[in-house]
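This briefing goes through one protein chain, topic by topic. Keep the sequence and the 3D view open while reading.

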Amino acid sequence: MPSHSWARFLPRPELRILIPVALLASCAAPVALKSEPGEIARSVHQRDVSRTPVAEVVEIARLEAIDLPQPSAEDLIDASRMGYWQACAYTWSPEVRAARRALQAAVGLARSAGAPAPLGFQSMLHEVPNGKDLVDGQLSIEWTRLLGLGPAEAERELARTEVLQATVGLEVALWSACFKVERSRVSLAAARARYTALEQLQSDLQVDRVRLEILQAHGRLPSAVWEGVEARTHSLAAAISRLRVQEARAEALLSEVSGVPMGHPSLAIPNQAQIPAADLDTIDAGGLLDRHPLLRRERIALAVAEAQLRRVAAKAWPEVRIGPHMSLITDSPTLGGFVQLQLPWPSSWRGELEVMEARRARQLERIEEAYLDQLARIERSRTSHEQALLQRDLHSSAMERGAAAMWGASRARLHEGEEPMSEWFDFFDRRLGSSHLVIDAWEQEQLARIDLQDHLGPLSLGGRQTPSSEPVNEVTLWIQ
């Protein structure tokens, strides 16, 4: 029997060059990233939100998804405004950037969801009697997926809900970043206000030390008393030192949540006068399931669980491959058809279907539990805010005024030579302990207000009511 070689069935030599060309054309080359250490450091230290157009900040944040405050052009150039820090968080917050990339990835996957199955091509060479060769080939296409039925439709639906889930994930990240940056700004402003208050007390102490040093130099002040003066001087210096550390920590936290690098001039600007209070008296907890990002995320998770259940149910569909079949014996080709039907065993999908049904039911329970938890958080934060207002406006201010008045009167008597040192020590200690009461109460009230706004949802920021329907049009636009 004569031998045959596969080589004679290859293309002509002048056409073989097309094979590597076709292989090269089918390759995808990703865009290279600038990932050198120097380039990364330069990118971080050159961050400047004032150079970013407002429209780009809004586009980055996708602010139309929920009613978050939208920065203005004036906000981007003024670090004393809340909008400046929110714009920084929208642009550089790690959570927001991660959510944006997750959404980008979900949109990319959605473009491939439900794609037709690969074309199947099979060719075989047979040797038949009389020295002839039989070439048998068939090309098949899976028609169920090509027509977008069954598994393909279920995959597309799951991909759409996963894009919606990623969109809501971005809403949650934006919402969280908005309040994290404001909490950090409040804490930084409070630390600086405490530092200023202790600097004033330190100035008072230095004035009194001048007289006490004169008395000590003339032997009119016992050494034990002078040691008490020294102890209080160092105690005040230690308190100021702790406040410097506290300020540095607050500044580092603001840098972390806003994405503004340490050492940036804008970090030196936040102070107490820049943070006004907000009126929350008319806000109720109605419509939470529609408007709050955390609860919207749970609702979308239910839609994802439903889509996953349908994808498993679609595994019961048969796989149908249809295509042409050709046989060639030397110079006599014959054409025909080819049909392949694959029926899945019911046991291959029924168990997984039960699992998905249980997970869907559990997600519905999670929505109920998240709603109850949110209501409880609102009531706790509302009570905390009311008590913080009472502390700020009544108790703390009265206590600090009283301590300041007693300290001032004691200093006046000391300079007139009528105040016993024991009394001066006592009033100094009280003034030191009360110097930050009003600031503490202010910070507590601000943080309680922010927590309450966070738990109430976008309506607490003075925005319009968020529509109850999900942003399907927006998600559809992103997929297209």
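Helices here are DSSP runs of H or I with at least four residues, numbered from the N terminus. By that rule, Asp426 has its place in helix 12. The model is predicted. Its protein chain has 14 helices and four strands.

**The chain as a whole**

- Of the 480 residues in the protein chain, 40% are buried.
- Take the contacts in the protein chain between residues at least 6 apart in sequence: 77% of them join residues at least 24 apart.

**Aromatic rings**

- How many aromatic pairs does a search of the whole structure find? The search finds six.
- One of them is formed by Trp407 and Trp424, with 5.6 Å from centre to centre and 50° between the planes, and this pair is tilted.
- Trp407 belongs to helix 11 (residues 350-415) and Trp424 to helix 12 (residues 421-434); the two are 17 residues apart, and the pair links distant parts of the chain.
- Are Trp407 and Trp424 buried or exposed? Both of these residues are buried.
- Trp424 also pairs with Phe425: their ring centres are 5.6 Å apart and their planes stand at 65°, so this pair is edge-to-face. The reasoning rests on a cut-off, because planes over 60 degrees apart count as edge-to-face.
- Trp424 and Phe425 are both buried.
- Which residues make up the aromatic cluster? One cluster is formed by Trp407, Trp424, Phe425 and Phe428.
- A charged residue is placed at one of these rings: Arg232 lies over the face of Phe425, 4.2 Å from the ring centre.

**Other residues of helix 12**

- Arg431 is found in helix 12. Its relative accessible area is 14%, so Arg431 is buried; the cut-off for buried is under 20%.
- Which residues does Arg431 contact, leaving aside neighbours within four places in sequence? They are Leu201, Glu400, Ala403, Ala404 and Trp407. Trp407 is also a member of the aromatic cluster.
- Asp426, in helix 12 as well, has 28% relative accessibility and therefore counts as partly exposed.
- Asp426 and Ser410 are 16 residues apart along the chain, and their C-alpha atoms are separated by 9.5 Å.

**Helix 7 against helix 13**

- Helix 7 spans residues 151-217 and helix 13 spans residues 437-456. Their axes come within 9 Å and cross at roughly 175°.
- How do the two helices run relative to each other, parallel or antiparallel? Angles over 145 degrees count as roughly antiparallel, and helix 7 and helix 13 are therefore roughly antiparallel to each other.
- On the helix 7 side, the residues making the contact include Trp175, Phe179, Glu182, Arg183 and Val186.
- On the helix 13 side, they include Ile439, Asp440, Trp442, Glu443 and Gln446.
- Sorted by class, the contact of helix 7 with helix 13 has eleven nonpolar, three polar and eight charged residues.

- Ala177 is found in helix 7. Its relative accessible area is 3%, so Ala177 is buried.
- Not counting residues up to four places away in sequence, Ala177 touches Ala89, Ser93 and Val96.
- With a relative accessible area of 27%, Glu157 is partly exposed.
- Glu157 and Gly114 are 43 residues apart in sequence, with 8.8 Å between their C-alpha atoms.

**A residue of helix 11**

- Thr383 has its place in helix 11. Its relative accessibility is 42%, so Thr383 counts as partly exposed.
- Thr383 and Ala448 are 65 residues apart in sequence and 9.0 Å apart in space, C-alpha to C-alpha.

Conventions: Residues are numbered from 1 along each chain as its sequence is written. This is a predicted model: local features need pLDDT of at least 70, side-chain atom pairs count only at pLDDT 80 or more; totals for chains, interfaces and linings use all residues. Side-chain values use heavy atoms; hydrogens and water are left out. Rings of Phe, Tyr and Trp (its six-membered ring) pair if their centres lie within 6.5 Å; planes under 30 degrees apart count as stacked, over 60 as edge-to-face and the rest as tilted. Buried means under 20% relative accessible area, exposed over 50%, partly exposed in between (1.4 Å probe, protein chains only). A charge sits over a ring if NZ of Lys or CZ of Arg is within 6 Å of the ring centre and within 35 degrees of the ring normal. Axes are lines fitted to C-alpha atoms, for helices over the stretch in contact, and angles run from 0 to 180 degrees between N-to-C directions. Angles under 35 degrees count as roughly parallel, over 145 as roughly antiparallel, 65 to 115 as roughly perpendicular and the rest as oblique. Contact means heavy atoms within 4.5 Å. Ala, Val, Leu, Ile, Met, Phe, Trp, Tyr, Cys and Pro count as nonpolar, Asp, Glu, Lys and Arg as charged, and the others, Gly among them, as polar.
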